[in-house]
Amino acid sequence: MRKILIIINRKAGTDREKSLGAAIQRQLPADRFQVETTYLQYLGHGADLSREAASRGVDTVVAVGGDGSINEIAQGLLGTQTALAIVPLGSGNGLARALSIPLDAEKALAIVAEGIKKPMDAGYANEHLFLSNAGVGFDAVIADRFRHSKKRGLVNYARLVVGGFAGYKPAVYKIRTDDGRETEVPAFLMTVANGNQFGYDFKLAPQASLFDGQLDICMVRPLRFWDLLPLSISSLSGKIGESRYMQHFTGKEITVASPDLSCLQVDGDAVPLTQGKTVHFNVVPGALQMVVPNGR
């Protein structure tokens, strides 16, 4: 009988908790699964809970929430045989979208029940784990502002983007990759992607794969305000790679430095810069056992 621990972030799904409980009973019945349910209580609690679950042989830890809580829960599972599954109840749900996991809780739990596992890559920006993407440009500035905002959702995110654009000055970044490539460019966005999603179905790196052992470096050149709309449309349509705004290449290790570097985001959450004006990105292939849809 498979042991499953479900970790719920109440902040992401309070209004849906009752229907979630019923869906768990339907999709993970007691005659087939040994299910425990618990809740995040403090920052870092998800990593503590998942690490303890892996130590006692739990088969699958289910993260119920958004990309931030999924990231935290994943931290305790890296390098173990305990798999991570997702029931996406966040705002952007970038990782779930990249994995083709339905945003409907019932359908997501059906994937948990199937239990198909695949080793997924994990990225690091300095010491900070990221599963979807990490960045040091305008996205990092907005992540920091979003962290201090009481409102969530796409509308508030768009409001912060529009409000922050006028005062943002793109930095010039020195970039070096493990294959010897070096470049120095100004960029509006300087993002390193593991998956293809920013969230909300905005695709920054449509060709990126969570399973290829590579990171995708995505640089968007400095923009005018009226360039935001065509950039957004090309991102939503999955054609941003063809856009004149985008410069793209891949690497396993990337170092990014700028005297103007001030913010870092991982999976949409702002985190401290601990190495001055430099961020080192690297990928660990197959670091996390991931429950995925059939055929993914």
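Apart from neighbours within four places in sequence, histidine 128 is in contact with Gly123, Leu264, Val266, Val271 and Pro272, where contact means heavy atoms within 4.5 Å. The model is predicted, with pLDDT of at least 70 needed for local features and 80 or more for side-chain atom pairs, while totals for chains, interfaces and linings use all residues. Residues are numbered from 1 along each chain as its sequence is written, and side-chain values use heavy atoms, leaving out hydrogens and water.

Histidine 128 belongs to strand 6 (residues 128–130). Strands (E, at least two residues) and helices (H or I, at least four) are DSSP runs numbered from the N terminus. The side chain of histidine 128 reaches the backbone oxygen of proline 272 at 3.3 Å. This is a polar contact, a pair of N or O atoms within 3.5 Å; within protein, one must be able to donate a hydrogen and the other to accept it, and residues adjacent in sequence count only if both atoms are side-chain atoms.

Serine 258 lies in the loop between strand 15 (253–257) and strand 16 (264–266). A polar atom of the serine 258 side chain is 2.9 Å from the backbone oxygen of valine 172. With neighbours within four places in sequence left aside, the contacts of serine 258 are Ala171, Val172, Tyr173 and Lys277.

Valine 172 also has a bridge partner in strand 9, proline 186. Strand 8 and strand 9 pair in the antiparallel sense over 6 bridges; pairing requires at least two DSSP bridges between two strands. The two strands form a hairpin with 4 residues between them, and glycine 180 in the turn has a positive phi of about 95°.

A search of the whole structure finds 4 aromatic pairs. Rings of Phe, Tyr and Trp (its six-membered ring) pair if their centres lie within 6.5 Å, and planes under 30 degrees apart count as stacked, over 60 as edge-to-face and the rest as tilted. Tyrosine 168 and phenylalanine 188 form an edge-to-face pair, 5.9 Å centre to centre with 80° between the planes. Tyrosine 168 is in the loop between helix 8 (154–165) and strand 8 (171–177), and phenylalanine 188, 20 residues apart from it, is in the loop between strand 9 (182–187) and strand 10 (189–193). Ring pairs join Phe138, Tyr168 and Phe188 into a cluster.

| Residue | Relative accessible area |
|---|---|
| Histidine 128 | 15%, buried |
| Tyrosine 168 | 17%, buried |
| Phenylalanine 188 | 5%, buried |
| Serine 258 | 2%, buried |

Helix 4 (residues 67–74) is largely enclosed by the rest of the structure, because 7 of its 8 residues are buried. Among them are Asp67, Asn71 and Glu72.

Two charged side chains sit over rings, meaning that NZ of Lys or CZ of Arg is within 6 Å of the ring centre and within 35 degrees of the ring normal. The charged end of lysine 118 is 4.2 Å from the ring centre of phenylalanine 211. Arginine 181 lies over the face of phenylalanine 249, 4.3 Å from the ring centre.

An open sheet of 6 strands runs in the order 14-13-10-7-16-17 with antiparallel pairing. Strand 14 (246–251) and strand 17 (269–271) are its edges, each pairing on one side only. Within the sheet, strand 7 (residues 133–135) is joined to strand 10 by 3 bridges, and glycine 135 stands opposite threonine 191 in strand 10.

Key:
Buried < 20%, exposed > 50% of the residue type's maximum accessible area, 1.4 Å probe, protein only.
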